[in-house]
Each structure stands twice: as structure tokens, then as C-alpha cells.
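Please read it alongside the sequence and the model.

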Amino acid sequence: MTKTKKADFRPNDYVVYPAHGVGQIVSIEKQEIAGINLELFVISFEKDKMTLRVPTHKATEVGMRSLSSPDVVDEAMKTLRGKAKVKRAMWSRRAQEYEQKINSGDLIAIAEVVRDLHRADDQREQSYSERQLYEAALERLTREVAAVSGDETAAAKQVDDVLSLRAA
């Protein structure tokens, strides 16, 4: 992982922060923290009503990245269409892996979680924790697809269509 210069991200850019998903850089500000002058990206996660400040020199180190390219979005949709791959491991171990994939910020990994946890109406009921992970992954995926396409409604429909076709 190479350190990129802070110039790679600018105010108004949409970025993906691994632990929180899609946010928008509102500004870059300088602050003195414990006697050290730091330059910080101020990132707004509007849906979560949250603001995050990330030191510009740490941004890539913590996994902050630009939005996925349309090609990566297509790849994620292909992944969604695939057959669920559910390991025979204990749920706690699988849940941990799903959680790691969701927080990796990797769109393909997030699509894998959605694919593996998606249930068609006629399939067995999901446990509470399965549903929580599924909804978290689905939201991350949909938000990034929406940010890439610029159309939230179309993105939700696109993801939904892929999943309902899969179920058929």
C-alpha cells in the first residue's frame, strides 16, 4: 500500500471510509492537536448524521478510497448474481468474516456478503444477527452504487432487481 498525497482527495469528493461507507469531503481544515499541527479531511456521512475528521496523511493508511469505478460496480453486480457460498463454519466465525468484509470497504467483498446472506421469500427465516449483517452490507452496497451512478432510487432498484432475479 503506497502512501498517496493528500491532493488525491478534494472537498466535495465522495469517498469510501471502510468502517462507515460512503461519505463526502466537506472541507480540509487545519487543527492543532496536542501541540501538533494537523491537516484534516472533514467527511460528512449525511445518512448517519455523522462527521468524521481524518488526518490527511493517514487517509490512505486507514483505507479511505475514492468511489469504485463503474467497472467495479458491474463486477459487484456479477458477484451478486452468483450462487451463495456459505461455509460450514459455526455462525460466530462466519459472522466475524462477514463483519470483516463489510468493514473492509471493498465493494466486491460487500457484494459477497449480500449474496451469501440474501434470502428469497420462500427460504428459511434469517436470524436477527444474519438480518443485521445483511442489511448493513446491502446498505453499504446500495449507497456506493448510488454515489457512483448519482441516482439513489435507480441504484436501489438495480440491486433489488439483481437479487430478485437471483431468487427466481
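The model is predicted, with a mean pLDDT of 90 for the protein chain. In that chain, 95% of the residues reach a pLDDT of 70 or more.

**Confidence**
- Over residues 1-7 the pLDDT is below 50, and this stretch has 10 contacts in the model beyond near neighbours in sequence.
- Where pLDDT is low, the predicted coordinates should not be read in detail.
- Among the elements of the chain, helix α3 (residues 107-117) has the highest mean pLDDT, 96, and helix α5 (residues 152-167) the lowest, 87.

**Nonpolar cores**
- The largest nonpolar core holds 23 residues, of which L80, V114 and L141 touch the most other members.
- Helices α1 (70-81), α2 (91-104), α3, α4 (128-149) and α5 each contribute at least two residues to this core.
- Leaving aside neighbours within four places in sequence, L80 contacts A111, V114, R115, L141, V159, V162, L163 and R166.
- A separate second core has 11 residues, including V15, I25, A59 and M64.

**Strands**
- Strand β1 (residues 14-17) pairs with strand β2 (residues 21-33) in the antiparallel sense over 4 bridges; V16 has V22 in β2 as its bridge partner.
- The hairpin from β1 to β2 runs through 3 residues.
- β2 also pairs with strand β3 (residues 36-45), in the antiparallel sense and over 9 bridges; I33 has I36 in β3 as its bridge partner.
- In the hairpin of β2 and β3, 2 residues lie between the strands, and A34 in the turn has a positive phi of about 50 degrees.

Technical notes
Residues are numbered from 1 along each chain as its sequence is written. This is a predicted model: local features need pLDDT of at least 70, side-chain atom pairs count only at pLDDT 80 or more; totals for chains, interfaces and linings use all residues. Side-chain values use heavy atoms; hydrogens and water are left out. pLDDT is the predictor's confidence in each residue, from 0 to 100. Contact means heavy atoms within 4.5 Å. A nonpolar core is a set of buried Ala, Val, Leu, Ile, Met, Phe, Trp, Tyr and Cys residues joined through side-chain atoms within 4.5 Å. Buried means under 20% relative accessible area, exposed over 50%, partly exposed in between (1.4 Å probe, protein chains only). Two strands pair if DSSP finds at least two bridges between them.
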